[in-house]
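Subject: Structure for you to look at

Hello,

Here is the structure I promised to pass on. Please open it first, then read my notes below.

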Amino acid sequence: MSMIAAFYGGKSILITGATGFLGKVLMEKLFRTSPDLKVIYILMRPKAGQTLQQRVFQILNSKLFEKVKEVCPNVHEKIRAIYADLNHSDFAISKEDMQELLSCTNIVFHCAATVRFDDPLRRAVQLNVTATQQLLLMASQMPKLEAFIHISTAFSNCNLKHIDEVIYPCPVEPKKIIQSMEWLDDSIIDEITPKLIGDRPNTYTYTKALGEMVVQQESGNLNIAIIRPSIVGATWQEPFPGWVDNLNGPSGLIIAAGKGFLRAIKATPMAVADVIPVDTVVNLTLAVGWYTAVHRPKSTLVYHCTSGNFNPCNWGKMGIQVLATFEKIPFERAFRRPYADFTSNNFMTQYWNAVSHRAPAIIYDFYLRLTGRKPRMTKLMNRLLKTLSLLEYFINRSWEWSTYNTEMLMSELSPEDQRVFNFDVRQLNWLEYIENYVLGIKKYLLKEDMAGIPEAKQHLKRLRNIHYLFNTALLLIAWRLLIARSQMARNVWFFIVSFCYKLLSYFRASSTLKV
Ligand SMILES: CCCCCCCCCCCCCCCCCCCCCC(=O)SCCNC(=O)CCNC(=O)[C@H](O)C(C)(C)COP(=O)(O)OP(=O)(O)OC[C@H]1O[C@@H](n2cnc3c(N)ncnc32)[C@H](O)[C@@H]1OP(=O)(O)O
Ligand SMILES: NC(=O)C1=CN([C@@H]2O[C@H](COP(=O)(O)OP(=O)(O)OC[C@H]3O[C@@H](n4cnc5c(N)ncnc54)[C@H](OP(=O)(O)O)[C@@H]3O)[C@@H](O)[C@H]2O)C=CC1
C-alpha cells in the first residue's frame, strides 16, 4: 500500500491554478491514487464565457480524466469549485466559501501564476507575489492545515549559474514592491522595471523569485515547501504518455517547426534542455506534500524538479529527434517542409529570419492577396519571431541545479511509493519521450486524426517538389541575370555549354563506332 496515497485519503485539499497545465495533472493524479480523498477545493474564475461549473465539466470530460472516472465514479461530487479571482485584494471569495475553506482545508497546493514572459510588472507582481502573500495569510487562519506547497520555478534565480535549494534574497524587499505597485503609475513602473529585474530576462522570473521571498517571510508556523520545476513538458507515463494542452515551453515551437513556419532558431545545440515531464513534477509535488505534513521539517525546504543533473539532454539532440519524429508522424497542412537550423551566431540568425521566415511569409501573403484572400502569414511570423526572442535566453544557456532535497526525499520513499509517485528521471528515455511528446501535440493540442498521416506525408512530398522547382527556377533566373551583366559569367556559361556539347558528341561518336 502506498503511504502517500493513503495520506491524502479523507483529506480536504485546496488547489489554486487547478485549471492550468500542471493543476489539471495534479488533480487527476490525486483522484486516481487517492479516490477516497474528501474534497478538492479549486479556486477559479469564469473564463471565455464559461461558468465555473462548465469549466469543471469540461475538465472532467476531457481525455485526461478518463481513468479517473473508472476509479472514482463520483469525482464530480468531490470537486468544489469556488469563485475566486486572485487579482482581487481579498480574492473576491464569498464569506461562506471563505469560512468553509478556512475551517476544512488540510493541504494547500499553490500552482496559480502568470507564466507570461511579457507581462507588465504590476500584473506579474499581483499574481505571483501579492496573491501568494494573501494565500499565506489565509493559510495561517486554517486550524487543520498540515502543509502548504508553493510551486515556483527553477528559473527564479536564472541570473545565477549554479543554483542551490535555498531561497535567494532580491535587492528590493517584496513588501516594498507590493506597496509601490499601489501608488506608482504605469509609465513609471515601466521605466523602473528593467532596473528592478536587473540581470533576469523578464518580469516572470523576477516575480517568482519575489514570491519565494514572501513564502519565506510569511511562513510563520506553517509547514511550507517550495517546488522548483524547470521547463514543464508533456506527460512521460501518466495517465498516458504525451498529454499536453498548452503552448508554453517547447510545445509552441514544436508546432511551429512541424508546420514548417519555424526553420531556424538561435539556440546553442550543446546547452542543456532542462525539460521535465509534468507527471514527474506532480509526483514530486504529492510526495513533498506528504513529507512536509508528516515529517514537519524545521525550515522551509526547496526541491528542484529538474532533469539536467540526473539525465541530461541538449537542445541539439532534442531538435534532431523532433525532426526525425516529423518524418514518421507529420502534422497536417504544413506550410513548408519541417527543417531545423540551430545557430548561435547573431548575423546568421538575422539572415535566416529574413530568408527563411519573413520572405516566405511575404510571398505567401502576396499569393493570398492575388487570390482575393486576407493576408495573415506576416502577422503570424512576427508573433513567432517575438516568441522566439523571448525564449532565446533559455535555449542558449545551461544551469546547474543542486538536488540534495529531491534525492533525500527519493530515499525516504518506500519502494511502493517510489513506483506510484516516481520522480526519478534517470529512467526517462529521451528519444521515446520526445516521440510521444510530438505525437501528443498532434493528438491533444492540434486535435489531428492519425488516419490523416498518409495524406500529410503526401503533402510533404508535394512541398518538397515545389521547393526543388522553386529553387531551380530561382537559380536559373539569377544565372540569367548574371549572364546579362557579366562578361566573366558569359565566358563560364559558354565554356560549360561547349564542354557539355563536346562530351555529348564524344559519346555519340563512340556509340556509333561500337555498332
Ligand atoms: C529550427 C527548428 C527547430 C526544430 C525543433 C524545435 C524543437 C526544440 C526546440 C524547442 C525550444 C523550446 C524552448 C523553450 C524554452 C522555454 C523556457 C521556459 C523557461 C521558464 C519556465 C517557466 O518557469 S514558465 C512556463 C513557461 N512559460 C512560457 O512558456 C510562456 C511563454 N509565452 C508567453 O510569454 C506569451 O505567450 C508570448 C510568447 C509573449 C506571446 O504573447 P502574445 O500575447 O503575443 O500571444 P498569446 O499568448 O496571446 O498567443 C498568441 C498566439 O501565439 C501563439 N503562441 C503562444 N505561445 C506560443 C509559443 N510558445 N510558441 C508558439 N506559439 C505560441 C498562440 O497560439 C496564439 O495563437 P492564436 O492567436 O492563433 O491563437
Ligand atoms: N509550465 C512551465 O513550464 C512551468 C511552470 N511553472 C510553475 O507551475 C505553476 C503552474 O504553471 P502552469 O500550469 O504551466 O500554468 P498555466 O498558465 O497553465 O496555469 C495557470 C493557472 O493559474 C490560474 N490563474 C491565473 N490567473 C488567475 C487569477 N487571476 N485568478 C485565479 N486563477 C488564476 C489559471 O486560471 P485560468 O485557467 O482561469 O486562467 C490557471 O489555472 C506556476 O506557478 C508556474 O510558475 C514552473 C516551471 C515551469
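Helices (DSSP runs of H or I, at least four residues) and strands (DSSP runs of E, at least two) are numbered from the N terminus. This is a predicted model, in which local features need pLDDT of at least 70 and side-chain atom pairs count only at pLDDT 80 or more, while totals for chains, interfaces and linings use all residues. Residues are numbered from 1 along each chain as its sequence is written, chains are lettered from A and ligands numbered from 1 in the order in which they are written, and side-chain values use heavy atoms, with hydrogens and water left out.

**The chain as a whole**

The chain has 19 helices and 13 strands. Its C-alpha atoms fill a box of roughly 105 × 55 × 50 Å along the principal axes. Of the 515 residues, 53% are buried. Buried means under 20% relative accessible area, exposed means over 50%, and partly exposed lies in between (1.4 Å probe, protein chains only). The accessible surface comes to about 25,200 Å². Carbon and sulfur atoms own 59% of that surface. Such areas come from the Shrake-Rupley method with a 1.4 Å probe; for residues, only the protein chains shown count as cover.

Now take contacts (heavy atoms within 4.5 Å). Among those between residues at least 6 apart in sequence, 83% join residues at least 24 apart.

**The sheet**

Seven strands form an open sheet. Their order is β3-β2-β1-β4-β5-β7-β11, and the pairing is parallel. Two strands pair if DSSP finds at least two bridges between them. Angles run from 0 to 180 degrees between N-to-C directions, and axes are lines fitted to C-alpha atoms, for helices over the stretch in contact.

Helix α6 (residues 121-139) touches β1 (12-16), β2, β4 (107-110), β5 (147-151) and β7 (224-229). The direction of α6 makes about 170° with that of β5. Helix α9 (residues 203-218) touches β5 and β7, and its direction makes about 165° with that of β7.

Strand β2 (residues 39-44) pairs with β3 in the parallel sense over five bridges. There, tyrosine 41 stands opposite arginine 80.

Look at β7 next. Six of its six residues are buried, so β7 is largely enclosed by the rest of the structure. Ile224, Ile226 and Arg228 are on one side, with Ala225, Ile227 and Pro229 on the other. Phenylalanine 148 stands opposite isoleucine 224. Proline 229 stands opposite cysteine 305 in β11.

**Salt bridges**

A salt bridge is a side-chain nitrogen of Lys or Arg within 4 Å of a carboxyl oxygen of Asp or Glu. The count comes to 22.

Lysine 29 and glutamate 238 form one, with their closest N and O atoms 2.9 Å apart. Lysine 29 is in helix α2 (residues 21-33) and glutamate 238 is in the loop between β8 (231-233) and α10 (250-258), so the pair ties together parts 209 residues apart in sequence. Are these residues buried or exposed? Lysine 29 is buried at 2%, and glutamate 238 is buried at 19%. Shared partners join Glu28, Lys29, Arg32 and Glu238 into one network of salt bridges.

Glutamate 212 and arginine 228 form another, at 2.7 Å between the closest N and O atoms. Glutamate 212 is in helix α9 and arginine 228 is in strand β7, 16 residues apart. Both residues are buried.

Threonine 280 is in helix α11 (residues 278-295). With 1% relative accessibility, threonine 280 counts as buried. Leaving aside neighbours within four places in sequence, threonine 280 contacts Trp236, Cys305, Asn422, Phe423 and Val425.

Phenylalanine 495 is in helix α19 (residues 487-514). With 57% relative accessibility, phenylalanine 495 counts as exposed.

Best wishes
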